[in-house]
Amino acid sequence: MTVTATKGDRISVDSQKAGEPPRQGTVLEIIEHEYGTSYRVAWDDGHESTFRPTAGTVHTVHPTEGSAKK
C-alpha cells in the first residue's frame with residue numbers, strides 16, 4: 001500500500017481494537033527507506049513517533065482538499 005502523505009498532512013489511523021476511536025495526528029517528516037516509507041507524526045494525544053503504515057489502516061487529509069483520502 002502506498003500512503004501519499006506530505007509534511008503537514010493530517011492522518012487518521014484505524015484502531016486495532018473494535019470500538020476504539022482512530023488515532024489522529026500531523027505528519028512532521030517523511031522518511032524514505034530502502035524497504036518503504038515511514039512518517040514522523042505528532043499525535044493529537046501529545047506523543048510523537050515514527051510510524052510505518054500497513055495496508056488499509058491510514059487515511060490522509062491534505063490541507064487543501066478538506067476531505068479524507070484512502
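Strand 1 and strand 2 (residues 23–33) run antiparallel and are joined by four bridges. Strands here are DSSP runs of E, at least two residues long, numbered from the N terminus. Two strands pair if DSSP finds at least two bridges between them. This is a predicted model, in which local features need pLDDT of at least 70 and side-chain atom pairs count only at pLDDT 80 or more, while totals for chains, interfaces and linings use all residues. Residues are numbered from 1 along each chain as its sequence is written, and side-chain values use heavy atoms, with hydrogens and water left out.

- Five strands form an open sheet in the order 4-3-2-1-5, with antiparallel pairing.
- Strand 4 (48–51) and strand 5 (58–61) are the edges; each has a single partner strand, so one side of each lacks a neighbour in the sheet.
- On average, neighbouring strands of this sheet are turned by 35 degrees against each other, direction ignored. The axes behind such angles are lines fitted to C-alpha atoms.

**Strand pairs**
- Ser12 has Gln24 in strand 2 as its bridge partner.
- Strands 2 and 3 run antiparallel, joined by eight bridges. They form a hairpin with two residues between them.
- Ile30 has Tyr39 in strand 3 as its bridge partner.
- Strands 3 and 4 are antiparallel too, with four bridges. Their hairpin has four residues between the strands, and Gly46 in the turn has a positive phi of about 100 degrees.
- Tyr39 stands opposite Phe51 in strand 4.

**Nonpolar core**
- The largest nonpolar core has nine residues: Ala5, Ile11, Val13, Val27, Tyr39, Val41, Trp43, Phe51 and Val58. Such a core is a set of buried Ala, Val, Leu, Ile, Met, Phe, Trp, Tyr and Cys residues joined through side-chain atoms within 4.5 Å.
- Strand 1 (10–13) and strand 3 (36–43) each supply at least two residues of this core. Strand 3 gives the most, with three.
- Ile11 touches Ala5, Val27, Val41, Trp43, Phe51 and Val58, among others, not counting residues up to four places away in sequence. Contact means heavy atoms within 4.5 Å.

**Around Trp43**
- Trp43 is buried at 4% relative accessibility, and Phe51 is buried at 17%. Buried means under 20% relative accessible area, exposed over 50%, partly exposed in between (1.4 Å probe, protein chains only).
- The ring centres of Trp43 and Phe51 lie 5.8 Å apart with planes at 90 degrees, so the pair is edge-to-face. Rings of Phe, Tyr and Trp (its six-membered ring) pair if their centres lie within 6.5 Å; planes under 30 degrees apart count as stacked, over 60 as edge-to-face and the rest as tilted.
- Arg23 lies over the face of Trp43, 4.2 Å from the ring centre. The rule asks for CZ of Arg within 6 Å of the ring centre and within 35 degrees of the ring normal.

How values were computed: Axes are lines fitted to C-alpha atoms, for helices over the stretch in contact, and angles run from 0 to 180 degrees between N-to-C directions.
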